[in-house]
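Hi,

Here is the structure I said I would pass along. Have a look at it first, and then read on for what turned up.

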Amino acid sequence: MTIRHMKIFLTICEVNSITLAAKKLFIAQPSVSYALKELEEFYGVKFFDRISKKLYITEAGEQFLNYSLQIITLLDEMENKIKNNDNLGSLKIGASITIGKLFLSHYIKIFKRFYPTIKISVCIDNSSVIEEKVLNNHLDLGLIEGIIHSTNLITEPFLEDPLVFICSKSHHFLEKSNITLSDLIKESFILREKGSGIREIFESFLMTKEITLIPTWESISTDAIINAVKNDIGISLLPYLMVKEELENKSLCSLNIKNIKLKRTFNIIYHKNKFITPTLKHFITTCKDKKSKIEKL
């Protein structure tokens, strides 16, 4: 059993297919099948059940997956650790869409002043995708908002942002002095996609009230949501930082809802087994340092 076997096994788990694993690794499918067969024969167990041409990981497979992730992670970190001693190497940083838009480039700019030779690769996606990539060691670090789902992640908050209900300048709510939750849920909502931090915060709050809300629109684009609200298609809940300009120039209006104050926390996340290199630690410090905050926000 070799490191190559583990990497092939991890790729099979990632794509849930021997054929796709072979394509991703640029090797022949029989080589992938044979490597998996060698692993199963070596340990005397089945790592996958094959049912209707689909792979279903077994309990033994889950155990081997967990160990393999830790071993490959340590090997990768060993290489990065050695490289980082000479201020070389790389960092793989992920960020939710909001953080990627508002903060990430600013943090990287500050970090690069101290480590100009470090290569930084970036992935920007919704929070649930970034969390999954950090868990699978595809990213060294994630900057996300909202609820953290895995107990295998270390979480460090670095910023808070209030969430605001927004409507158009002509919405009938602006004529009401006292808007309640009952009033709110009767309206058409335009929300971010499932998996976004903002959506999860709102739905978790509604769940405590035993309320289920089906939005009229869902969008991964905050700009699309803002334009829809401006055109009075519905109301929305968005971070203050994302609509600050529209509220100040009065192209949108904010709503005060009785007994509802929601906010999101921006979190730094990394795997609990992650070795924190000096460069990674410095990047974390950069994100948490008040001097790094963007003044205009």
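Let's start with helix H2, whose buried residues are covered by, among others, helix H1 (3-15), H3 and strand E2 (54-57). One thing to keep in mind as you read: this is a predicted model.

So which residues of H2 are buried? In this helix, which runs over residues 18-25, they include Ile 18, Ala 21 and Ala 22. These residues sit on the same side of H2, because the arc they cover around the axis is only 100°.

At the start of H2, Ser 17 has a side-chain oxygen that comes to within 3.3 Å of the backbone nitrogen of Thr 19. Just after H2 you will find Phe 26, with a positive phi of about 60°.

Next, two residues to look at as a pair, Tyr 43 and Ile 99. They are 56 residues apart in sequence, and C-alpha to C-alpha they are 44 Å apart in space. Tyr 43 belongs to helix H3 (residues 29-43), while Ile 99 is part of helix H5 (residues 97-114).

Is each one buried or exposed? Ile 99 is buried, as its relative accessible area is 0%. Tyr 43 has 37% relative accessibility, so it counts as partly exposed; the partly exposed class lies between under 20% for buried and over 50% for exposed.

What does each of them sit with? Setting aside neighbours within four places in sequence, Ile 99 is in contact with Leu 104, Leu 143, Ile 144, Glu 145, Phe 158 and Phe 266.

Finally, the chain as a whole. It has 11 helices and 11 strands, and its C-alpha trace spans about 70 × 50 × 30 Å along the principal axes. Of its 297 residues, 48% count as buried. The chain exposes about 15,900 Å², with carbon and sulfur atoms supplying 53% of that. Among contacts with a separation of 6 or more, 72% are between residues 24 or more positions apart.

Cheers

Technical notes:
Residues numbered from 1 in each chain as written. Predicted model: local features only at pLDDT ≥ 70, side-chain atom pairs only at ≥ 80, totals over all residues. Heavy atoms only, no water. Helix = DSSP H or I, 4+ residues; strand = E, 2+ residues; numbered from the N terminus. Buried < 20%, exposed > 50% of the residue type's maximum accessible area, 1.4 Å probe, protein only. Contact = heavy atoms within 4.5 Å. Arc of directions from axis to C-beta. Polar contact = N/O pair within 3.5 Å; in protein donor to acceptor, adjacent residues only side chain to side chain. Areas by Shrake-Rupley, 256 points an atom, 1.4 Å probe, with all protein chains shown as cover.
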